[in-house]
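My entries follow in the order in which I made them.

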Amino acid sequence: MLIFLKIYIPLFGLLALMAVFILPVWRIYRQTGKNPVIFNRQDNAHNFVSRTLFFLVLATGLILTLFSFSYKHYLYLAPIGYLQTKPVFITGFILAHISLILTMVAQYQMKSSWRVGIDHTTHTDLITHGLFRFSRNPIYTSMLFAILGFFMMMPNALSLLILGVGIVVINIQIRLEEEFLEKLHGSSYKSYKSSVSRFVGLPVSKN
């Protein structure tokens with residue numbers, strides 16, 4: 001079982017990176033001619049969050065690499081023994097896979113409006129159908145599920161840090177984007193915001 005996990009989990013990580021980042025970036029660039037990754041060297045909150053998320057991805061890669069190719073060094077990450085149980089692992093495994101599927105669906109529903117970060121140069125459409133009927137931020141919600149699932153699969157000091165920092169910076173990024181969308185779409189976004197949960201919930205009827 002351990003040998004299977006050492007092979008499958010890194011492959012799943014690479015698949016997830018390809019499916020939710022590399023391929024969508026290529027798709028949007030092909031459709032619009034614009035790079036959907038909005039990142040520069042300005043010293044502001046948006047770029048601080050972007051850099052932090054980048055380092056969290058690198059830290060996740062480090063954990064996967066050590067787990068698969070140097071397990072004795074993985075033990076230096078201080079695994080949390082009482083969480084290393086089959087039920088916890090299976091729950092995390094399921095969460096990680098569900099989050100990947102939901103992210104891919106939400107990206108497809110966003111079509112050419114999908115961005116990594118805040119794009120001040122393009123007037124993108126306000127997406128309110130599909131998963132966006134139940135969450136204003138289905139991709140970020142899925143990311144939270146993903147880092148929780150990853151922690152449950154590999155509970156250690158570093159993955160716990162990734163979980164904690166990830167929750168904070170994702171919540172900051174959500175609020176930055178909501179402020180931007182309110183300025184961009186005005187009353188349309190305010191109406192949408194009042195009827196759909198930030199994370200997940202049933203649409204609120206206005207009748």
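**Entry 1: Thr124**

I started with Thr124, which I found in the loop between helix 4 and helix 5. Helices here are DSSP runs of H or I with at least four residues, strands are runs of E with at least two, and both are numbered from the N terminus. The model is a predicted one, so local features need pLDDT of at least 70 and side-chain atom pairs count only at pLDDT 80 or more, while totals for chains, interfaces and linings use all residues. Residues are numbered from 1 along each chain as its sequence is written, and side-chain values use heavy atoms, with hydrogens and water left out.

Is Thr124 buried or exposed? Thr124 counts as buried because its relative accessibility is 12%. The cut-offs are under 20% relative accessible area for buried, over 50% for exposed, and partly exposed in between, with a 1.4 Å probe and protein chains only. Leaving out residues up to four places away in sequence, I listed what Thr124 touches: Ser113, Arg115, Leu184 and His185. Contact means heavy atoms within 4.5 Å. I also checked Thr124 against Met143: they are 19 residues apart in sequence, and their C-alpha atoms are 22 Å apart in space.

**Entry 2: the chain as a whole**

I counted seven helices and zero strands in the protein chain. Read along the sequence, the pattern is α-α-α-α-α-α-α. The C-alpha trace spans about 55 × 40 × 30 Å along its principal axes.

I compared the radius of gyration with the globule rule. For 207 residues a compact globule would have a value near 17 Å, and the 18 Å of the protein chain agrees with that. The radius is taken over C-alpha atoms, and the rule is 2.2 Å times the number of residues to the power 0.38.

Of the 207 residues, 41% count as buried. Among contacts with a separation of 6 or more, 73% are between residues 24 or more positions apart. The accessible surface comes to about 12000 Å², and 70% of this belongs to carbon and sulfur atoms. I note that the areas come from the Shrake-Rupley method with a 1.4 Å probe, and that for residues only the protein chains shown count as cover.

For charge, I noted 18 positive and 7 negative side chains, with the centres of the two sets 10 Å apart. Lys and Arg count as positive and Asp and Glu as negative, with His and the chain ends not counted. Each charge is placed at NZ of Lys, CZ of Arg, CG of Asp or CD of Glu.

**Entry 3: nonpolar cores**

Which residues have the most contacts inside the largest nonpolar core? They are Ile9, Ile63, Tyr74, Met154 and Ile162, in a core of 23 residues. Helix 1 (2-32), helix 2 (45-69), helix 4 (86-110), helix 5 (138-153) and helix 6 (157-185) each give two or more residues to this core. Helix 2 supplies the largest share, seven residues. A nonpolar core is a set of buried Ala, Val, Leu, Ile, Met, Phe, Trp, Tyr and Cys residues joined through side-chain atoms within 4.5 Å.

I then looked at Ile9. Apart from neighbours within four places in sequence, Ile9 is in contact with Leu64, Phe67, Phe89 and Met154. There is also a second, separate core of 11 residues, and Val25, Trp114, Ile127 and Val196 are included in it.

**Entry 4: Glu178**

I placed Glu178 in helix 6. Glu178 counts as buried because its relative accessibility is 3%. Not counting residues up to four places away in sequence, Glu178 touches Arg136, Asn137, Tyr189, Lys193 and Arg198.

Arg30 is in helix 1 and is exposed, with a relative accessible area of 56%.

Ser191 is in helix 7 (residues 187-195). With a relative accessible area of 31%, Ser191 is partly exposed. Ser191 and His46 are 145 residues apart in sequence and 25 Å apart from C-alpha to C-alpha.

**Entry 5: positive phi**

I looked up Ala78, in the loop between helix 3 (71-74) and helix 4. Ala78 is not a glycine, yet its phi is positive, near 60°. Ala78 counts as partly exposed at 42% relative accessibility.

Lys111 is in the loop between helix 4 and helix 5. Phi of Lys111 is also positive, about 55°, in a residue that is not a glycine. Lys111 counts as partly exposed at 47% relative accessibility.
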